[in-house]
Amino acid sequence: MPIQQVQAEQFQSYPPQAKQIATSHIGLLQQLPLAFLPLLLREVIVYDWKFPAERDEIDRQFRYLESLTAVQLSSAMSSFAKLKLSPELESMDWTGAPSRFSEKLSANLWATHQIDDFSNAAEEYIRAFNTAVPAAAAPVSRLGIAVIAQEISQTNYRLFRKLRPHGVYFDHVDPKSSYELLLETVAARTQAHPAPYGHWCIDGGEQPALQKNQIASVAYGSLQPVRKALIRKMQQVSASQAGVEVLRTRLAETDPSEVGMKHVTDDPVLSRFAISVLTEGAGTQIYSTTFVQWAAREALRRARPLTIVARFAPRQTEESADEELSGIQQRAVLDPAGSLVDADMGAYYTWINLQRLPGDSSFVAWFEGHNEAVAIAPSLVPGTASHDNVNLAEILRRIQSTS
Amino acid sequence: MDPFGTHRGIEHAISWNRREFLRTATGATAAAMLSAFSPLRAMAMRKGQKAVVVTFGGGTRDEETFMPDGQENIPHLLKDFIPQGTFFTQVVNRGILGHYVATASLVTGVYETFNNFAAVAPDNPTVFEYFRKGLGRPASDAWVVAPSNGFGLIGESSHYSYGPGQGAGVILPKRLLAAAMPANNSSGYDHLLRDNYESPVYAPALGVSDEQLHQMAQMLKLSVADFAAHARSLRSPDELSVYVARQLMHQLAPSLLWITLHDIDVAHAGTYSLYIDAIQRSDRLCGEIWQMIQSEPEYAGKTTMFILPDFGRDSDTASGGNGFQHHRTGDAFSRTTWMMVRGAGVRENVLVDRPVESTDLVPTLGSLFGFSPDFSHGKVLPEVL
């Protein structure tokens, strides 16, 4: 269907708020190129389950696009319009199933060597609209904390090897410092700066006791029944030899009710988030360390929180994961030594993803029950070490005194 | 306009970092003054020439290999291969970064554009078809050992000039193992059957009949029971592949053998430690393959070994990716990799800094053996000849 013929009827199947947004911008939608519009609709169609920061971004995009004259809009879209798409793409139902369209679009761009042109066009567009309609500044400096749980073994692996150059490495941290202190810190920041989905706890084990109405939380352990249901679904699709792409599509289309999410949370936004982590993230279904890293990445990217705690617990061994995927696992066997390496990298990636958000931020990575930590903050000198006897509270005080 | 122009500076920087580090670590010299093409030397090498190509499906990054922090992961490549071989520091893959389609591009010397997950043969002639048709070699002289069921059609193309029966035999050890397992009971073998790390569950092995299984076992002079029993002692699919390659080299001694290692792609599971383990294992297996070459009279002294990842992995800083886990961004780090060449007639302790492309391998093999890869888009690498 030519884009110029897009009508409100095409959005009848969208959820209420998504439908309202799409139908109120029909005139604009009719002017957008095919390499762009379905990607915008892919975000709009799930508007009802988006975080406030994501909704704000969609709203700002429409404000930006509507503010342009016809000539300006044509210019802003020219790099997308230049891309040559296959007739198969043009004939797809890109209003009803924009995610499927975007998967096919990606494959087409790679096959025709246009992926770099597309990436450049997307980067330029994002830069332009963020400049024209910037997001509101964060009310407080962001705080990220990565915890390596004490159940993970200490080995001769040089911990925090990638984080140390960016902050202060502490090697005399009081091992009696407690995780509860971090949760209290999150709670205090929640009270001081209340914001829906603005403060997060992500755990590789069981869900900690939290003020759930104010702190968004997901936990690998608490999601076990959901993971099991998803693995069964994966096994069924795999057994049908439908292929990797079909498996990916079927997983992406998983409805929370299908895998028992209602027993975990009654928050529809958080429920969709947890499902997306388990269906779109490779390895998140079987490895707790991967789950925590990917969930933290997605929470930072999507919800743009003010506070995030990511706690890495031991993951199972590769053999144990294979057994779980095969449906023959009797008991999960943990790999505490491998988990240390994975958690260390996960902490590093969590810091990188925190850095991508606008505004100042501070970060702490801490090995629970041991004496190592790294703190990164604007006022701390990168690449230094502190041999002071400190506890976790003191480290938090040092970084927050700079915020 | 060159759509990759913006990457060039980064590609060069990647190469520069490798070069500087390797010079420090190994004392290797630059190839600039050595790179003149030597046609007479190449001609002289053709009699009895053999080549073993090892690709890492599941690319590696510099950070975990040739940079200082990665050095501990590749002792064999660093201490044995580089001092005794020629190392290309900047091999760029400008094609699709999916393992099957990228390996097919390596095999054809053309950036193939088919769906990475489709069970299709490459569109362009493969190096095996050029080799066999050009030199009149029998089917037993070209083989592929590949870990993934998806690679079953990589031995020959759908090209009008070649096609069925003119390429390489393809052994998929997992498929053999699946058929050899007692009463289809995969218990104890699950870790060897994982087919595709981009999917969280392995696809069921495509069917191998009992007859095919026993034919293969007979060819490799290996009892099905022994194969299944030995497999149980192995730690990974790549170890299984190298075990099969060893049998193949000993029994058939193919002149052109292509082994695709794939363990490194466990990175897709997001487990950095398993990714590192796999790099260390691949390094060890490269050393074992070299020792196999040296210990087989059919290969010793007349074999050139090529080692190259099919591509890299995303950098930590590419916002569209998730670092080592995937190769989805198409950034310069995911496109830029390296190649190691060692063996008969290959210059030792030499670094080649100039950018080359992964499609250059096929024409280079053509010059080495003396066949013409007419449809390949790559260029001969004179530094190897």
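## Crossing of α6(B) and α10(B)

In this predicted model, helices α6(B) and α10(B) are roughly perpendicular to each other, a class that covers angles of 65 to 115 degrees, with under 35 counted as roughly parallel, over 145 as roughly antiparallel and the rest as oblique. The axes of α6 (residues 173–180) and α10 (residues 237–251) of chain B come within 9 Å and cross at roughly 95°. Axes are lines fitted to C-alpha atoms, for helices over the stretch in contact, and angles run from 0 to 180 degrees between N-to-C directions. Helices (H or I, at least four residues) and strands (E, at least two) are DSSP runs numbered from the N terminus.

Pro173(B), Lys174(B) and Leu177(B) of α6(B) meet Pro237(B), Leu240(B), Ser241(B) and Val244(B) of α10(B); contact requires C-beta atoms, placed from the backbone, to lie within 7 Å. By class, the contact residues are 5 nonpolar, 1 polar and 1 charged. Ala, Val, Leu, Ile, Met, Phe, Trp, Tyr, Cys and Pro count as nonpolar, Asp, Glu, Lys and Arg as charged, and the others, Gly among them, as polar.

## Enclosed helix α4(B)

Helix α4 (residues 99–108) of chain B is largely enclosed by the rest of the structure, because 10 of its 10 residues are buried. A residue is buried if 20 or more other C-beta atoms lie within 10 Å of its own, exposed if 12 or fewer, and partly exposed in between, with C-beta atoms placed from the backbone. The cover over α4(B) includes β2 (50–56), α5 (127–135), β6 and α13 (361–369) of chain B. Gly109(B), which follows the helix, has a positive phi near 75°.

## Ala269(B)

Ala269(B) lies in the loop between β6 (256–261) and α11 (272–295) of chain B. This residue counts as buried because it has 27 C-beta neighbours inside 10 Å. Its C-alpha atom is separated by 9.1 Å from that of His326(B), 57 residues apart along the chain.

## Strands β3(A) and β4(A)

Strand β3 (residues 199–203) of chain A runs parallel to β4(A), joined by 4 bridges; pairing requires at least two DSSP bridges. Cys201(A) stands opposite Ser217(A) in β4(A). Both faces of β4 (residues 216–219) are covered, with Ala216(A) and Val218(A) buried on one side and Ser217(A) and Ala219(A) buried on the other.

## Interface of chains A and B

In the interface, 32 residues of chain B are in contact with 41 residues of chain A. On the chain B side, α11(B) gives the most, with 4 residues. That side has 12 nonpolar, 16 polar and 4 charged residues.

## Conventions

Residues are numbered from 1 along each chain as its sequence is written, while chains are lettered from A and ligands numbered from 1 in the order in which they are written. Because the model is predicted, local features need pLDDT of at least 70 and side-chain atom pairs count only at pLDDT 80 or more, whereas totals for chains, interfaces and linings use all residues.

Note on methods:
Contact = placed C-beta atoms within 7 Å.
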